[in-house]
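Visitor: I would like to learn how to read a structure like this one, feature by feature. Could you take me through it slowly, with the general idea before each case?

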Amino acid sequence: MADPGRQNQARIFTGGFAGRRPLIPCAPEALERAALARMRGHAAAYVAGGAGLERSMAANRAAFDHYRILQRVLRDVSDRRLLVELFGRRLPLPLLLAPIGVLEMAQRRGDLAAARAAASEGLTFVTSSQSSAPLEEIAAACGEGPRWFQLYWSSSDALMRSFMRRAEAAGYEAIVLTLDTTQLGWRPRDLDRGYLPFLRGRGLANYVSDPVFRGLPPPNLAAAERPPLGLRSLPAGLELLCNWPGGMRQALASPRAVVQAVQRFIAVYSRPDLTWEHLPALRRATRLPILLKGILHPDDARRALDAGMDGIIVSNHGGRQVDGGVAALDMLPPVAEAVAGRVPVLFDSGIRTGADVIKALSLGARAVLLGRPYVYGLALAGEAGVRQVIRNFAAELDLTLALMGRRGLDELDASALAPALVPSLRGQSCG
Ligand SMILES: Cc1cc2nc3c(=O)[nH]c(=O)nc-3n(C[C@H](O)[C@H](O)[C@H](O)COP(=O)(O)O)c2cc1C
Ligand SMILES: O=C(O)C(=O)c1ccccc1
């Protein structure tokens with residue numbers, strides 16, 4: 001997989017020469033617009049929306065303008081490398097696909113298509129706890145490709161341990177523990193539509209396929225007999241799940257069984273009492289590296305290191321959890337400083353262009369996670385659409401690196417950004 005960036009520059013430019021338009025728009029706003037127009041209203045709102053007045057979402061984008069790329073010239077950039085190493089794996093690009101729940105909202109069997117696209121480009125796919133297909137099926141779609149599993153630690157430790165066992169057995173190479181979503185944020189777009197995917201039985205694949213989940217005490221059956229959740233027929237995703245594995249057919253073959261599964265999920269999903277004291281239990285439950293996702297404060301990063309965690313993901317969940325919160329990018333420099341290179345720091349929330357990736361890497365991220373942009377590629381053109389999003393990022397990343405006079409990601413640091421506009425970079429000289 002030599003040179004994924006330059007390969008795609010060549011593909012796009014020669015395509016244009018032959019009069020062909022790209023498969024999906026290159027312009028981020030056009031990509032979003034086209035994808036949202038293609039998706040059903042509730043799905044578009046769910047993916048595009050954020051918490052409250054969506055001020056954290058806006059702040060995420062605005063923060064990229066707090067930093068300006070500072071180009072250098074005459075530095076021989078003919079030989080460039082976008083390679084990055086993470087937990088002993090050499091990856092072709094500093095990009096991962098972020099954990100996104102309920103990808104069937106973008107496309108039927110969307111998790112599998114996105115996983116295949118990631119694998120075909122050699123990127124790590126992060127499977128969500130709330131995926132629309134069981135984590136084993138997604139792992140199979142990854143083939144030999146690297147994959148991580150994102151954990152929502154439910155109120156059942158036995159369920160957490162079962163997820164860990166399954167993730168290890170399915171060849172996942174790291175665990176991402178998401179900490180900013182112990183409860184879903186206040187998201188008016190969804191509230192006004194009365195839409196939450198799991199209330200319709202969506203995004204529960206890992207739960208309903210889990211022996212521990214299925215053995216949890218039954219929810220209030222009297223309530224379940226009157227489906228209170230608007231479920232009159234089996235959701236398509238669950239029809240598929242009924243065939244996986246054998247016992248599933250029995251477990252979920254009726255709307256009533258689905259309602260019970262939904263109620264069971266609601267009973268276990270939330271874990272607001274989670275504290276630092278619980279982390280050793282996760283450490284004991286898996287031999288895989290553990291990354292904490294949703295870290296914004298440098299003190300929390302330090303505590304993560306004290307707790308022996310293996311990585312940090314600076315993120316505000318794409319502005320979906322807290323309204324009026326800090327921009328994730330603005331907290332990257334202080335967190336990276338606190339971590340001081342002891343473990344990898346990754347970043348997401350607001351990455352829309354290759355130049356954005358350059359800024360995040362210059363501010364201390366080892367790699368970044370793509371979120372909504374790949375969902376939009378998926379909605380428009382399935383696996384090929386996700387692949388195209390990845391390749392467009394690679395192409396722009398590579399071009400920008402060249403134009404700023406750098407040959408490799410290891411040459412990116414604070415000196416790649418204009419110090420005058422970066423208060424936290426006091427005292428740094430231009431390298
Ligand atoms: C529709 C949607 C579903 C998501 N589901 C999850 C999830 O299941 N687990 C998780 O850790 N993060 C989830 N996230 C957050 C992403 O992993 C990532 O932090 C976020 O999308 C980054 O923001 P951006 O897409 O604006 O760049 C979700 C985000 C979206 C948009
Ligand atoms: O919507 C989200 O951001 C998210 O993380 C989630 C949580 C539960 C179910 C589906 C998605």
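Visitor: Which residue is the bridge partner of Phe125 in E5?

Guide: Strands are DSSP runs of E with at least two residues, helices are runs of H or I with at least four, and both are numbered from the N terminus; two strands pair if DSSP finds at least two bridges between them. In this predicted model, the partner of Phe125 in E5 is Arg147, and E4 and E5, which run parallel, are joined by 3 bridges. Before we go on, note that this is a predicted model in which local features need pLDDT of at least 70 and side-chain atom pairs count only at pLDDT 80 or more, while totals for chains, interfaces and linings use all residues. Residues are numbered from 1 along each chain as its sequence is written, and chains are lettered from A and ligands numbered from 1 in the order in which they are written.

Visitor: Are the residues of strand E5 buried or exposed?

Guide: A residue is buried if 20 or more other C-beta atoms lie within 10 Å of its own, exposed if 12 or fewer, and partly exposed in between, with C-beta atoms placed from the backbone. In strand E5 (residues 147–151), 5 of the 5 residues are buried, so the strand is largely enclosed by the rest of the structure. Arg147, Phe149 and Leu151 point one way from E5, Trp148 and Gln150 point the other way, and all are buried.

Visitor: How many bridges join E6 to E7, and how many join E7 to E8?

Guide: Strand E6 (residues 175–178) is joined to E7 by 4 bridges, the two running parallel, and Leu177 has Leu292 as its bridge partner in E7. Strand E7 (residues 290–295) is likewise joined by 4 bridges to strand E8 (residues 311–314), again in parallel; there Leu291 has Gly311 as its partner, and Lys293 has Ile313. Since 6 of the 6 residues of E7 are buried, this strand is largely enclosed by the rest of the structure.

Visitor: Which residues does Ala113 touch?

Guide: Two residues are in contact if their C-beta atoms, placed from the backbone, lie within 7 Å. Ala113, found in helix H5, touches Gln107, Leu378, Gly382, Glu383 and Val386, not counting residues up to four places away in sequence. Ala113 counts as buried because it has 23 C-beta neighbours inside 10 Å.

Visitor: Which residues of helix H3 are buried?

Guide: In H3 (residues 41–48), Ala43, Ala44, Tyr46 and Val47 are buried. Seen down the axis of H3, these buried residues fall within an arc of 165 degrees, so they line one face of the helix; the arc is that of the directions from the helix axis to the C-beta atoms. They pack against helix H2 (28–38), helix H8 (188–193) and helix H19 (372–403).

Visitor: How many residues surround ligand 1?

Guide: A residue is near a molecule or strand if its C-beta atom, placed from the backbone, lies within 6 Å of it. By that rule 21 residues surround ligand 1, the closest being Gly101, Ser128, Thr178, Gly318 and Gly371. The residues around ligand 2 include Gly101, Val102, Gln130, His317 and Arg320.

Visitor: Is Asp76 buried or exposed?

Guide: Asp76, in the loop between helix H4 (55–63) and strand E1 (84–86), counts as exposed because it has 7 C-beta neighbours inside 10 Å. The C-alpha atoms of Asp76 and Arg407 are separated by 8.1 Å, although the two residues are 331 apart along the chain.
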